Amino acid sequence: MNKKTAITERDQTPLRLIISEFLDNRLAVAGLVVFLIIVLTAVLGPYFTPQNPYDLAQMDIMDGKLPPGAQSLDGDIYLLGTDEQGRDMFSAIIYGLRLSLFVGIVAGSLAVAIGVMMGLVAAYFGGKVDTIIMRLVDLQLSFPTILVALMLLAILGKGVDKVVMALIIVQWAYYARTIRSTAMVERSKEYIEAAHCLALGRRRIIFSHMLPNCLPPVIVVATVNIARAIAIEATLSFLGVGVPQTEPSLGSLIKGGFDFLLSGKYWISVYPGIALVVTIVAINLVGDHLRDVLNPRLRR
Amino acid sequence: MSVYLIRRLLQASMVVFFMSAIVFSGIYIIGDPVDLLVSNEASPEELARATKALGLNKPFHEQYFVFLKNALRGDLGRSFVFGVSAVTLIIERMPATLELAVVGMIMALVIGIPLGMYAGLKPHKLSSRGIMAGSIFGFSLPHFWQGMMMILIFSVMLGWLPSSGRGDTVTVFGIQWSFLTWDGLRHILLPALNMALFKMSLIIRLTRAGVREAMLQDYVKFARAKGVSGMRIIWVHVFKNILIPIITVSGLEFGHMVAFAVVTETVFSWPGMGRLIIQSIEMLDRPVVVAYLMITVLFIIIVNLVVDVLYSIVDPRVRLQNLKG
């Protein structure tokens, strides 16, 4: 795992070591590069897409269901074809990517924040607080993600904000469990004891002493969970309970095209599907390798 | 043992009660179903009558109390849309879902265990690496996408298998089954495979890890020293020992499979309870949504309970721990 010898002993900070180890794996680097390109495309999307899929005036229903590469009535070329409302798929996919990434990353980071808080609190205080929080975590994790998400969306209704909320509730428990188990180990270490002896405040001990030492496993879980959040959002939107079809996320685009799959108009659902899968696989490649790099057990 | 059983049963019923409160109070908040069911031109009197008939004019806690009382008798209300008992509606569609889940589980086990054993016995072969890479895809790609690709490849491009419905069914014990007819079997193959892929990946990884660990154990070395044939070591000595975790996980995953059927059933238009719940959420058919959630939650809790108890019976080490704790 650690073949890098070019860096001299003196220069080796843990962060540098991790970065150089990460860069050793070509597949993971490829994943990272692809992911960065995807993020860049999503962020800059509005500047180069030929159409704004939110703007109905830019669409022509006469251009509906055109195959990839076809010309519109005005002479524009539809690179990836159009859907049944005459929406340019290329633009729609990039806007869909924006929404999917937004939902995945926002839900992911909020879930990390809440989960880490709860996990640290449970580990630090122990006792009853710990029991209550962990019971809740166990209870939630004993049910399948999709059931919990479905339950929440049946309660909350459709919409981007609701999906984000459902994803946070579905995922915080993973982080809480992950960080609690590391924090339990850290809590009994000497530096925490030393911090107690210095009479440092609780908050300071938890956040500036315990937290940084508990982060590596959380980072690994977070990368994988962002991919999962994107997948769950797509699934819910595909089922028709997530993001409404007027706001194209990758899942709702796929749902829109799915009905036409059997009649041979594959591009309406297959291209957004490819965008979705490439995103998920890229994030997973990064996450998978991060796990190896950050795992202290695999370290010399 | 019985102390353990009683404690687990109590825990399980607590969870059921807790979930019923969440589900009911949650669903209670969503839109007023009366608006959807009564036509737009209905007069205020008609609206009031409909609200009263559905019991929606009572205060929240009263509604919940009535709900609980009825739930204990197996009555979760009438579907606003179909006008029949919500529980009956779910139960009618349950066999289709269970059939799908069982066939999927069998596929996952029958294909997953041999592949996992192969990958575990020959971890450095290219084919083993291929199996492991495939299992990563099985893990990380969304269910519905896998199903869609199956339809695209096997139904649209190759035209080998049908993409939707159950096909011909045979009625046995008053329930319709697809897997007993040739046409039904053709129909169930793709959706069951769709359900199986994820679990298959899990089982492959579990089996592989188990085999790699077991092969290093002393009992395997001893059997080899005794001159036991390689096949016998693998299928009798190793297999038996890796079976416990596989059975436990498969059991737990079976409950999850029934929930995940929502996705597969939507992709393949399989007329099970998963498709019903999606339609019911869309139509705000509150009693059916509540009934589905309660029945699925109950199902998963029962499966977890049975697996835990069986596990402690099969593995004496666990039993002793539980008795102490």
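The axes of helix 2 (residues 26-48) of chain A and helix 10 of chain A come within 8 Å of each other and cross at roughly 135°. That makes helix 2 of chain A oblique to helix 10 of chain A; angles under 35 degrees count as roughly parallel, over 145 as roughly antiparallel, 65 to 115 as roughly perpendicular and the rest as oblique. Axes here are lines fitted to C-alpha atoms, for helices over the stretch in contact, with angles from 0 to 180 degrees between N-to-C directions. Helices are DSSP runs (H or I, at least four residues), numbered from the N terminus.

A word on the model: it is predicted, local features need pLDDT of at least 70, side-chain atom pairs count only at pLDDT 80 or more, and totals for chains, interfaces and linings use all residues. Residues are numbered from 1 along each chain as its sequence is written, while chains are lettered from A and ligands numbered from 1 in the order in which they are written.

| Pair in chain A | Axis angle | Axis distance |
|---|---|---|
| Helix 2 and helix 10 | roughly 135° | within 8 Å |
| Helix 5 (residues 145-156) and helix 6 (residues 160-187) | about 140° | 9 Å |

Helix 5 of chain A and helix 6 of chain A are oblique to each other as well. Helix 5 of chain A passes helix 6 of chain A in a right-handed crossing, whereas helix 2 and helix 10 of chain A cross in a left-handed way (left-handed if the near helix is turned anticlockwise from the far one by less than a right angle, right-handed if clockwise).

Who touches whom? In helix 2 of chain A, residues including L27(A), G31(A) and F35(A) meet a set in helix 10 of chain A that includes V278(A), A282(A) and H289(A). Contact means C-beta atoms, placed from the backbone, within 7 Å. The residues of this contact of helix 2 with helix 10 of chain A split into eleven nonpolar, three polar and no charged (Ala, Val, Leu, Ile, Met, Phe, Trp, Tyr, Cys and Pro are nonpolar, Asp, Glu, Lys and Arg charged, and the others, Gly among them, polar).

Helix 10 of chain A turns up again between the chains. The contact takes 32 residues from chain A and 31 residues from chain B. On the side of chain A that touches chain B, helix 10 of chain A gives the largest share, eight residues. That side of chain A holds 24 nonpolar, eight polar and no charged residues.

Conventions. Helix = DSSP H or I, 4+ residues; strand = E, 2+ residues; numbered from the N terminus. Contact = placed C-beta atoms within 7 Å.
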